[in-house]
Amino acid sequence: MKKGKGLALLLAAVSLTTCGFTACNNSEPVDGNTIVVKCVEAGFGTDWLYELKGKFEAVYAEEGYKVKIMTPSRQISGDTVIRDLYLGHQQTQTDLYITADIKTEKVGVNSDYQKVLAADLQEYVYSKPAISYNGEEEDVLISDKLSSDIVPFVTDSQGVMYGFNWVQSSGGLVVNTRKLAKYNLEIPKTTNELFDCFDKIYCGYNGVANSVKSGTYPMTYVTGTNGQGYTVCFLNTLMAQYDPEFYEQFWSFETAGDNGEVVAMTDNGYDVFNDETVLEMLKVAYRTFDKNIAAPGSISQELNQAQTKMMTDKNGAVFMLNGDWMLNEVKLTYEDELGDIDFVNYPVISALGVKLFGAGTTYNKSEAECDELLSYIIDLVDANKNIEDIIADVKENKGVDLAEADAKEVARARGVSYSRGVEHIGFMTADSPKKDIAALFLRMMASDDFGKSFSVLGNGSTPYYAQINTTSGYKFVENASKIVANQYFSLISAASQGYRKQLLKTNSIFMSQTHIPTYISSNSTASIYNREGGKNGSGLEVYTTVAKSLQKAEHTFVKNNWSQYKKQAGLE
Amino acid sequence: MKIFQKIKKNYSKFERRDFLFAYLLILFPVAQFLVFWVFVNASSIALAFQDDFGKFTWNNFEAVKNAFVDQDLFGINLKDSLVRSWILWLVGEVICFPISLITTYVLTRKIVGHYVFRICYIIPSLMGAIIWTLLIKEMVRGEGPITLLVKNFGLDPYSNAATEGLLWDDATAFFTIVSVRAVMGLVGNNAVLTGAYTRVPNELFESAELDGAGFFTEMFKIAIPCIWPTICTLLTFALCSIFTCDYNVYLFTNGQGNFETSTIGFQLFNLTYQLREGNGSYGYPAALGVTLTVITLPVVLVGKAVLERMSENVEV
């Protein structure tokens, strides 16, 4: 009996404690005027969300609309949210998810759950204007504010707009300008300029000793699972810069037929690996990921260690392929050094200059002249000049009659930006009874006011407000926003599509080497440098030779396995 | 309904209540077993025989065959991984396990300083695999103490092993993992074996001493036969992991398995991980899993039978 009483007492105590904690968790009441929002804790923090909540509640105080923000977490992303959306509002009580790592088609008609999981935002959000912080509607519709490049990422396979892209974020080159200034070098705009920086930093220049002695190396990167995608973004961008049509073909194994129809390359898709675009990309890759000139530890380190190498001096680096979110990630640890780093778009592949202006073209310039002209035009593109102005400037200062098509091609290439922002999508629960209120919240998120606020609090840009950010105080943030605000800005992403998606099971660039930078940095001995901080006497052809060899091996590999891929995919 | 009447007739109210309590208690683990073991495994086996459209196919097994003979569709040769798995297994179970039997016995015989040695032995096995792996990883990094030590023995200062670490060079990476495996093999079973050894009655050893038996005679003729059931259990578990244990290669190599370190266990995970980014067709890794299971099952059954036949029933 005594034991029974003791057990009862224990259970009562446990129940009381549990109830107490449960009560703490749901202390804020949720009524018909309160929307529940779950937000991922991404690289932009969540201060902006709480400010937006305040502004929203102030504007709709009369109506009594409120926003309840559940504790932000990294877990509010991917399949977790898809599952929540499937469970629906009745079980989750959540109206809005501001999330990441979900493709919109996963919540559309082709979702794994065989039903639409999110609300169609065309009617609720996109066909209406954004709402400013003073409650007034803006003049333009949200759909008109959104770049057409982003539309495919917020629509499902049927073209229905279920997603709300809430951040514009790009991969690019992070530069430590404090270190670069010691060498009296400028931020590179072409890959050849980047390699020139590599040469001078590694071998010593402007009174600074070589890397082995100075402890400053040209480059660092990540090859492990966490952050290795940053290097792949660079390689994809190089291909898109060089030939945008081929880039589409490369990721889809599809081409245009005689009447413009889409034709799957069912018999010879493997030939995309034999294209000159792939070779040019590989030549740059071999030179960029030459382990001799990477900061020691680059092959074995994790992302945080790589970023530390960018911020510090001992065995540090000047360049890193990263993204416009890096400043936020290192902000807490290196608050005093944030002014040292800058962010620019990836350098344009120098082979494009040769293709446009080199031997055999009307310009007939040498490789060095091609790169000089390419770099000069990129400067004008970065200054956001119109094509006519660019042509006139080149004529006046370089004495070159630049064809309009060529000027446009360079501007396009410079504007290519590898978007990570399109992985950050918001969704409204399909069966939410408060869709009207949640839609108002999203419309406020699409406003210019929110864009300005996000640029300060999140050090980032939204897809609805492409303005240069001069308020953050960091040149890193300002220059990152210049990329988005540029008139030639366009987005790319890399994922298997069309026939390639049906056939191959991964989103790797190559099939035989799933991560090219890791493969090169781990295995390649091709180098023009020695390990002592100098050159070994080899010419640049060493990179070309290995690039050709890897390209041939990949082409042969995919060709030999083509039938097997088709069989496994049930396509033969 | 008859069964309920029978239960009502044969058991008292209190007994029925106890039965109900017991059944409800095991309901959750049984449900968990059915969902997370039976269903998941059945689903995996079914996947091995399906193409992307759910139609029956042998192609996944053909891919497994190609992977062992040449390369799979992702350029991976599983034969090399299999050989590495076996090497690691052999080092752990054939070399280190017998040594750990001896060292643990020596420590349980209360030699001078045995408490200190025992703690040194047990600490690594108490630490989580992730902590232990991170610790080792830092020690064999480019500037880690073990790498610096190896440098003093003539390691090329410009080699990957010296600048990046011992796990990042073809010449040293797998040897480093084998060494770690050996250390863990020596200390890993210490706690279990110590428990088994201490249950052997002291009277047996005292009687043997009176008969003039030496230290090792006591060990081989008394201690090991007495703990043979424990050894059999440990070896049976070891047989089960002959293919699947990846010896933390994923953690050691930041998920890359490069520099000739990949094992079969690593590749099973790696393939599934890679495929998750595509359109989610897991037929090939499922077929690989089924193939390895089919090979492992008789090995385990035969091994267990042999171990049991080798042992005598010892009543202590």
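Two residues are in contact if their C-beta atoms, placed from the backbone, lie within 7 Å. I kept that rule at hand for every entry below.

**Before starting.** I noted that this is a predicted model, where local features need pLDDT of at least 70, side-chain atom pairs count only at pLDDT 80 or more, and totals for chains, interfaces and linings use all residues. Residues are numbered from 1 along each chain as its sequence is written, while chains are lettered from A and ligands numbered from 1 in the order in which they are written.

**Entry 1: a helix over strands.** I looked up helix α11 (residues 229-242) of chain A and found that it lies across β7 and β11 of chain A, at about 75° to β11(A). Helices (H or I, at least four residues) and strands (E, at least two) are DSSP runs, numbered from the N terminus. Axes are lines fitted to C-alpha atoms, for helices over the stretch in contact, and angles run from 0 to 180 degrees between N-to-C directions.

**Entry 2: the sheet.** In chain A I traced an open, mixed sheet of four strands in the order β8-β11-β7-β12; two strands pair if DSSP finds at least two bridges between them. β8 (216-220) and β12 (341-344) of chain A each have a single partner strand, so one side of each lacks a neighbour in the sheet. From one strand to the next, the twist averages 25°.

**Entry 3: one pair of strands.** β7 (residues 171-176) and β11 (residues 316-323) of chain A run antiparallel, joined by five bridges. Here I found A:Leu173 opposite A:Leu321 of β11(A).

**Entry 4: between chains.** I saw that 32 residues of chain B are in contact with 29 residues of chain A. α3(B) gives the most to chain B's side, three residues.
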